[in-house]
Each structure stands twice: as structure tokens, then as C-alpha cells.
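Let's take a walk through this fold together, from the overall layout down to a few single residues. Keep the viewer open and follow along.

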Amino acid sequence: MTVYAFHTDAEGLYSETNDNTNPRLNATIWTDARGRYELRTIRPAPYPGGGIPAHIHYRISGSDFPDQGFELHFEGDPHLSARTKDRSAKRGRFGSIRPLERGEDGVWHCVFDMKLRR
Ligand SMILES: [Fe+2]
């Protein structure tokens, strides 16, 4: 499967013109046979002006499932709405809000498992 991920930069912008159809920070990742992937990147900032939590967009394609998109949010983000928190909680470990854990190497890690719909 193919995982296409993109997000804003440290200023909350997708590009110099803030065009989210042509984001500067993006990656295409091929999963392994078990559907695992790894994305190494920076933590995105929320959009300028606030109100929307920081997030990473994911588009999954290339399997027997229809193409579909997901958003990753970060636990503790002050912009998370009660609705987003509720929806995430109902999805358990497949929820959109995931914790960040700092490794011994000082790098923040986050596990984001996506459950594909048929
Ligand atoms: Fe976005």
C-alpha cells in the first residue's frame, strides 16, 4: 500500500503560498507486507490564527480498499475540540488523537494506526 502524508511547517503553512494541494512537506511511503510504515518528519504547527489543531494528512491507496484519507492529531493540543476528542475516543487505538513519547535519543515518537474501510 502507499501512504501519502503531508503537513504544515513550523509556521503552520503548507507552502509559501499556503497551498495545501502542493504542500512543501510531503512524503510517499510504501508499507511493508504487514502494512507497516514509518514517517520521519517535524511536528507541524497549527494553521496561523489558531482554532484548528495541528495535524498530518494521510491518503492511503494501492490495496483492495478504496482510497481513503485520515488525519493525525496530537494529544494535548489545546485546539482539539470536544467533538474531535469524542470521535477519537470512540475509535480506540484507531482514533485520530495520538500521544507523543520522547525516546532516549530525544526524538518524539508517535504510533498512528489506521483502520481502512471497505
Ligand atoms: Fe490540513
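Predicted model: local features only at pLDDT ≥ 70, side-chain atom pairs only at ≥ 80, totals over all residues.

**From the sheet to its residues**

Two bridges join β4 to strand β5 (residues 97-98), and these two strands run parallel. A word on how to read that: strands here are DSSP runs of E with at least two residues, helices are runs of H or I with at least four, and both are numbered from the N terminus. Two strands count as paired if DSSP finds at least two bridges between them.

Residues are numbered from 1 along each chain as its sequence is written.

Now zoom out. The protein chain has one helix and seven strands, and along the sequence they follow the pattern β-β-β-β-α-β-β-β. The radius of gyration of the protein chain is 14 Å, close to the 13 Å that the globule rule gives for 118 residues, so the chain is as compact as a globular protein of that length. For the record, that radius is taken over C-alpha atoms, and the globule rule is 2.2 Å times the number of residues to the power 0.38. Along the principal axes, the C-alpha atoms fill a box of roughly 40 × 35 × 30 Å.

Back to the strands. Five of them make an open sheet with mixed pairing, in the order β2-β1-β3-β4-β5. β2 and β5 stand at the edges with a single partner strand each, so one side of each is left without a neighbour in the sheet.

β1 and β2 pair in the antiparallel sense over six bridges, and F6 has N26 in β2 as its bridge partner. β1 is also joined to β3 by six bridges, again antiparallel. On that side, V3 has I60 in β3 as its bridge partner, while A5 stands opposite Y58 in β3.

Next comes the pairing of strand β3 (residues 55-61) with strand β4 (residues 68-74), which is antiparallel over six bridges. Y58 faces F70 in β4 across this pair, and H57 stands opposite E71 in β4. The two strands form a hairpin with six residues between them, and G62 in the turn has a positive phi of about 90°.

What packs together here? The largest nonpolar core has eight residues: V3, A5, F6, I56, Y58, I60, L72 and F112. β1 (2-7) and β3 each supply at least two residues of this core. A nonpolar core is a set of buried Ala, Val, Leu, Ile, Met, Phe, Trp, Tyr and Cys residues joined through C-beta atoms within 7 Å. A residue is buried if 20 or more other C-beta atoms lie within 10 Å of its own, exposed if 12 or fewer, and partly exposed in between, with C-beta atoms placed from the backbone. Of the 118 residues of the protein chain, 16% count as buried.

Leaving aside neighbours within four places in sequence, I60 is in contact with M1, V3, D67, Q68, M114 and L116; contact means C-beta atoms, placed from the backbone, within 7 Å. Across the protein chain, 48% of the contacts between residues at least 6 apart in sequence join residues at least 24 apart.

Two more stops. N18 is found in the loop between β1 and β2, and N18 has a positive phi of about 55° although it is not a glycine. Most residues other than glycine have a negative phi. N18 is partly exposed, with 15 other C-beta atoms within 10 Å.

Is W30 buried or exposed? W30 lies in strand β2 (residues 25-30), and W30 counts as exposed because there are 9 C-beta neighbours inside 10 Å. From W30 to S15 is 15 residues in sequence and 24 Å in space, C-alpha to C-alpha.

Definitions and conventions: Contact = placed C-beta atoms within 7 Å.
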